[in-house]
Amino acid sequence: MAAKTPFYITTAISYPNGAPHIGHAYEAVATDAIARFKRLDGFDVFFLTGTDEHGQKMMQTAAKEGLTARQLRDRNVPLFEKMVERLECSNDDFIHTTEERHHRASQAIWEAMEKNGDIYLSKYAGWYSVRDEAYYAEDETHLNEHGKRIATKTGTPVEWVEEESYFFRLSAYRQKLLDLYEKVPEFVRPRERLNEVASFVKGGLQDLSISRTTFDWGVKVPGNDKHIMYVWVDALTNYITAVDYPNETEKFKRYWPADLHVIGKDIVRFHAVYWPAFLMSAGLAVPKGIFSHGFLFNRGEKMSKSTGNVVDVFTMTDTYGVDQFRYFFLREVPFGQDGNYNHEAIVNRINADLANDLGNLAQRSLSMIGKAFGGVLPTPGAFTAEDQAILAAADAMITTAREQMKSYQLHHVLNSVWTVVAEANRYFAGEAPWAKAKTDPERQGTILYVTAEVLRQVAILAQPFVPSSAGKLLDILAIPAGERGFDALGTRIKAGTTLPPPAPVFPRYIEAEAGEAAPAKD
Ligand code: ME8
């Protein structure tokens with residue numbers, strides 16, 4: 001067997017200063033869908049997620065709640081672990097930046113940058129937003145109507161900071177970064193995001209303040225205990241900590257540089273400017289790509305912990321079901337753009353696409369095999385033009401999906417698969433196998449065989465997006481565990497196999513009566 005190609009993929013690491021919100025959940029499921037797709041397509045995937053536990057934001061929230069940063073971390077981090085589990089993410093590791101391995105890696109990259117002459121001690125005087133954990137130049141801020149200074153881009157309050165600080169010579173990386181963007185145009189996707197970053201860098205780069213002296217919640221600067229690293233230096237380093245940096249192990253050599261960092265659009269600058277500059281300085285390879293997804297809005301409103309407008313992820317998945325939640329967001333929101341959601345839109349997708357289009361087709365065709373053929377998948381006769389057309393549409397899905405996946409167009413992949421589901425429904429209705437039971441049982445068997453084969457291919461391709469339900473569908477099609485990868489798409493379902501009794505895969509969402517909670521869907 002040929003050696004598998006490695007594929008290292010990460011989410012951003014979340015700040016656990018509150019409970020996980022829908023933005024965190026969205027990023028986790030989108031990244032998981034890519035990871036699962038690649039695994040099914042024969043790649044050796046390493047998928048990392050985790051929590052970003054240091055920084056002033058954690059300290060500030062903790063203080064407000066009368067806790068220490070560590071107590072806040074201990075309370076909230078398990079919720080993030082529970083979230084990825086609940087969402088059925090297939091991550092291979094979950095990193096905590098408070099771990100010892102991570103402190104070691106952060107100090108090692110610092111030392112490597114220092115050795116390269118890129119770190120110097122000076123004094124910082126300027127604006128800082130704790131909520132964004134970001135420094136802002138004066139012209140990136142303004143006074144609001146209450147006379148309070150805020151960051152113009154994000155609307156968060158900024159405070160004046162004046163203290164001794166280590167600096168990273170970011171200004172020296174302007175041309176190297178521009179060369180990188182030019183040479184690797186897919187370094188940041190979607191393309192507009194790369195253009196924004198490139199024009200920011202073209203405008204000139206200031207050296208970056210990378211340490212603070214006024215608190216101690218973070219990674220200590222090697223050789224100077226008074227200083228704590230700027231949280232973004234340590235946060236970005238998580239991506240190499242998880243592959244054993246600073247040890248050049250087999251794992252490190254195999255997976256670094258990462259293939260893809262999946263992040264939200266608000267943190268592109270940190271990933272596309274600071275991160276490659278740190279890595280170049282430390283003599284390490286830069287990641288192959290960054291994908292910036294959009295923001296989710298509840299009926300058009302931005303949700304965040306700070307504005308208090310958070311829809312609880314656990315309540316949502318209890319209400320709609322995990323696969324239903326995953327399907328909705330990955331299908332509805334063009335990956336890379338902002339998206340809206342509301343109850344009606346979610347229910348509509350669940351009932352139309354999942355329960356009706358796919359669920360009913362599976363239920364009707366497989367229970368007909370049960371009744372008319374004793375649950376044994378019939379051997380097909382000669383294929384008609386209609387059979388060949390629907391089989392060809394199913395066979396073509398993988399090529400289309402791979403192409404769409406090259407630019408991580410998850411919503412297009414789902415759209416292509418569900419277009420075939422719609423065609424299969426038209427085929428089934430047009431061929432009317434129920435009407436052939438008495439007149440032409442062989443033809444009925446062929447139609448049911450073809451339908452089962454299309455369902456098999458659809459289920460295999462749906463696995464990255466709706467893993468449990470697609471798994472159930474493959475179970476009732478009696479597809480063995482070893483035949484669920486994309487390499488099995490080139491084969492045909494085996495006639496003569498005894499199928500288990502079909503169980504419903506996608507239940508309908510039924511509105512609860514007023515005053516009652518809606519039923520859990522899985
Ligand atoms: O930024 N919709 O953490 P974070 C979609 N710790 N995505 C959203 C979102 C929303 N409403 N709100 C946030 C951080 N996100 C840093 C990352 S990585 C080395 C350090 C996304 O908890 C956001 O864009 O504020 C980011 O990718 C992720 O959730 C974590 O956000």
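1. Basis. Because the model is predicted, local features are reported at pLDDT of at least 70 and side-chain atom pairs at pLDDT 80 or more, while totals for chains, interfaces and linings use all residues. Residue numbers start from 1 along each chain, following the sequence as written.

2. Overall build. The protein has 16 helices and 18 strands; helices (H or I, at least four residues) and strands (E, at least two) are DSSP runs, numbered from the N terminus. The radius of gyration is 26 Å, close to the 24 Å that the globule rule gives for 522 residues, so the protein is as compact as a globular protein of that length. That radius is taken over C-alpha atoms, and the globule rule is 2.2 Å times the number of residues to the power 0.38. Along the principal axes, the C-alpha atoms fill a box of roughly 90 × 60 × 40 Å.

3. Four-stranded sheet. Strands in the order β5-β4-β8-β10 make an open sheet of four strands with antiparallel pairing; two strands pair if DSSP finds at least two bridges between them. The edges are held by β5 (134–136) and β10 (208–209), each with a single partner strand, so one side of each is left without a neighbour in the sheet. Strand β8 (residues 159–168) runs antiparallel to β10, and two bridges join them. Phenylalanine 168 is opposite leucine 208 in β10.

4. Three-stranded sheet. A further open sheet has three strands in the order β11-β13-β12, again with antiparallel pairing. Its edge strands are β11 (211–212) and β12 (220–221), each of which pairs on one side only. Two bridges connect β11 with strand β13 (residues 224–229) in the antiparallel sense, and serine 211 has methionine 229 in β13 as its bridge partner. On the other pairing, β12 and β13 run antiparallel and are joined by two bridges; here lysine 220 has isoleucine 228 in β13 as its bridge partner. The hairpin of β12 and β13 has two residues between the strands, and glycine 223 in that hairpin takes a positive phi near 85 degrees.

5. Contact of α2 with α3. The axes of helix α2 (residues 56–64) and helix α3 (residues 69–86) come within 8 Å and cross at roughly 90 degrees. That makes α2 roughly perpendicular to α3. Axes are lines fitted to C-alpha atoms, for helices over the stretch in contact, and angles run from 0 to 180 degrees between N-to-C directions. Angles under 35 degrees count as roughly parallel, over 145 as roughly antiparallel, 65 to 115 as roughly perpendicular and the rest as oblique. Met58, Met59, Thr61 and Ala62 in α2 meet Ala69, Gln71, Leu72 and Arg73 in α3, where contact requires C-beta atoms, placed from the backbone, within 7 Å. By class, the contact has five nonpolar residues, two polar and one charged. Ala, Val, Leu, Ile, Met, Phe, Trp, Tyr, Cys and Pro count as nonpolar, Asp, Glu, Lys and Arg as charged, and the others, Gly among them, as polar.

6. Contact of α11 with α12. Helix α11 (residues 322–332) and helix α12 (residues 343–373) have axes that come within 10 Å and cross at roughly 100 degrees, which makes α11 roughly perpendicular to α12. From α11, Gln324, Tyr327, Phe328, Arg331 and Glu332 meet Ala345, Ile346, Arg349, Ile350 and Leu354 in α12. The residues of this contact are six nonpolar, one polar and three charged.

7. Ligand shell. There are 20 residues around the ligand, of which Ala12, Ser14, Gly23, Asp52 and Gly264 come nearest; a residue counts as near if its C-beta atom, placed from the backbone, lies within 6 Å. Two or more shell residues come from each of α1 (22–40), α7 (231–241) and β14 (260–264). The largest share, four residues, is from α1. The shell comprises eleven nonpolar, six polar and three charged residues.

8. Backbone exceptions. Most residues other than glycine have a negative phi, and most peptide bonds are trans. The bond from arginine 189 to proline 190 is cis, with omega near -10 degrees; proline 190 is in the loop between β9 (188–189) and α6 (191–202). Tyrosine 245 and proline 246 are also joined by a cis peptide bond, with omega about 10 degrees, and proline 246 lies in the loop between α7 and α8 (250–255). Tyrosine 408 has a positive phi, near 55 degrees, and sits in the loop between α13 (385–406) and α14 (410–431).

Definitions and conventions. Two residues are in contact if their C-beta atoms, placed from the backbone, lie within 7 Å.
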